[in-house]
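Biologist: I've got a new model open and I'd like to talk it through with you. Can we take it piece by piece?

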Amino acid sequence: MKSSELNQRRQQATPRGVGVMCNYFVEKAENATLWDIEGNEVIDFAAGIAVLNTGHRHPKVVAAVADQLQAFTHTAYQIVPYESYVSLAERINDLAPIDGPAKTAFFTTGAEAVENAVKIARAYTGRPGLITFGGGFHGRTFMTMALTGKVAPYKIGFGPFPGSVYHGVYPNAAHGVTTADALKSLERIFKADIAPDQVAAIILEPIQGEGGFNVAPADFMQALRDLLRYPRHSADRR
């Protein structure tokens with residue numbers, strides 16, 4: 001079968017809203033190499049959108065999946081729990097850079113994780129506000145589209161979006177945006193849009209992907225940490 005033939009079938013069977021970057025179809029993969037259905041060999045720089053840290057079909061991953069399939073496939077942990085969920089949570093808790101006890105929950109997508117982080121932050125603080133940054137990408141659900149700091153291609157035609165979301169400026173040395181500029185944008189938000197004591201969470205990517213692979217400077221992350229640890233009351237921001 002040719003990729004051109006399969007592309008015609010894809011166009012007939014699947015909606016255009018599911019965007020596809022490549023015009024060839026993978027048949028098999030190993031480590032960082034893909035082979036398409038016509039036998040062409042390519043290097044996979046995408047890695048499932050940066051999630052295959054161990055490459056395709058790492059022997060330990062293949063063995064672990066095979067072992068699991070011999071036991072059971074799916075129970076829904078919320079209905080019938082299983083030990084591996086608890087063990088993995090314990091391992092992550094030990095690695096988390098958090099003072100004191102930590103807990104971990106697992107979700108199927110990044111958007112689902114962000115949505116639940118928003119719910120947790122709002123429920124715990126009793127505050128509505130969320131601050132995020134231009135150029136960031138957080139998902140395609142309505143809340144995560146609201147958080148995403150990029151109109152095209154994700155937001156066009158889908159509004160209105162959930163409220164109480166405010167976008168600051170993300171530092172970007174290539175475009176002359178300094179840490180000081182980014183922090184000033186937060187001050188503007190606190191003065192013009194929402195009081196600091198009404199903000200439930202600040203959400204950002206330490207390394208933006210959609211924004212152009214921008215790395216947050218260390219002093220910016222430290223300033224955000226200090227802002228969250230030692231917040232000033234809204235009365236101090238007149």
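This is a predicted model: local features need pLDDT of at least 70, side-chain atom pairs count only at pLDDT 80 or more; totals for chains, interfaces and linings use all residues.

Biologist: Let's zoom out. How many helices and strands does the protein have?
Modeller: The chain has 238 residues, and 27% of them count as buried. Its C-alpha trace spans about 65 × 40 × 35 Å along the principal axes. As for secondary structure, the count is eight helices and eight strands.

Biologist: Of the contacts with a separation of 6 or more, what share comes from residues 24 or more positions apart?
Modeller: A contact here means heavy atoms within 4.5 Å. Taking the contacts with a separation of 6 or more, residues 24 or more positions apart account for 51%.

Biologist: How far apart are the C-alpha centres of domain 1 and domain 2?
Modeller: The domain assignment gives domain 1 as 3–68, domain 2 as 72–106 and domain 3 as 110–229. Between the C-alpha centres of domain 1 and domain 2, the distance is 29 Å.

Biologist: Now the largest pocket. Which element gives the largest share of its lining?
Modeller: That pocket holds about 1,300 Å³ of space. It is lined by 29 residues, and the closest to its centre are M21, A46, G48, I49 and A50. Two elements give two or more residues to the lining, β3 (41–43) and α2 (47–50). The largest share, three residues, comes from α2.

Biologist: By class, how many nonpolar residues are in that lining?
Modeller: Let me take the other classes before that one. The lining has five charged and five polar residues, and the nonpolar ones number 19.

Biologist: On to helix α5. What span should it have, and what is the distance between its end C-alpha atoms?
Modeller: α5 covers residues 110–125, which is 16 residues. The expected span is 1.5 Å times one less than the number of residues, so α5 should span 22 Å. That agrees with its end C-alpha atoms, which are 22 Å apart.

Biologist: What covers the buried residues of α5?
Modeller: The buried residues in α5 are A111, V114, N116, V118 and A121. The helix is followed by G126, whose phi is positive, near 70 degrees. The cover over those buried residues includes β4 (129–133), α6 (142–147) and β6 (199–202).

Biologist: Is D67 buried or exposed?
Modeller: D67 is found in helix α3, residues 59–71. The relative accessible area of D67 is 55%, so by the over 50% cut-off D67 is exposed.

Biologist: Where does P160 lie, and what is the omega of the peptide bond from G159 to P160?
Modeller: P160 lies in the loop between α6 and β5, and P153 lies in the loop between α6 and β5 (165–168) too. The bond from A152 to P153 is cis, with omega near 5 degrees. The bond from G159 to P160 is also cis, with omega near 0 degrees.

Biologist: Last one: what is the phi of R57?
Modeller: R57 has its place in the loop between α2 and α3. At 49% relative accessibility, R57 counts as partly exposed. Its phi is positive, in a residue other than glycine, and the value is near 55 degrees.

Technical notes
Residues are numbered from 1 along each chain as its sequence is written. Side-chain values use heavy atoms; hydrogens and water are left out. Helices (H or I, at least four residues) and strands (E, at least two) are DSSP runs, numbered from the N terminus. Buried means under 20% relative accessible area, exposed over 50%, partly exposed in between (1.4 Å probe, protein chains only). Domain bounds come from an automatic or database domain assignment. On a 1 Å grid over the protein atoms alone, a cavity is a set of points where a 1.4 Å probe fits but cannot get out, and a pocket is an open set with protein on both sides within 12 Å along at least five of seven lines; lining residues have an atom within 4 Å of a point. Grid points are joined across faces, edges and corners, and a volume is the space filled by probe spheres set on the points. Ala, Val, Leu, Ile, Met, Phe, Trp, Tyr, Cys and Pro count as nonpolar, Asp, Glu, Lys and Arg as charged, and the others, Gly among them, as polar.
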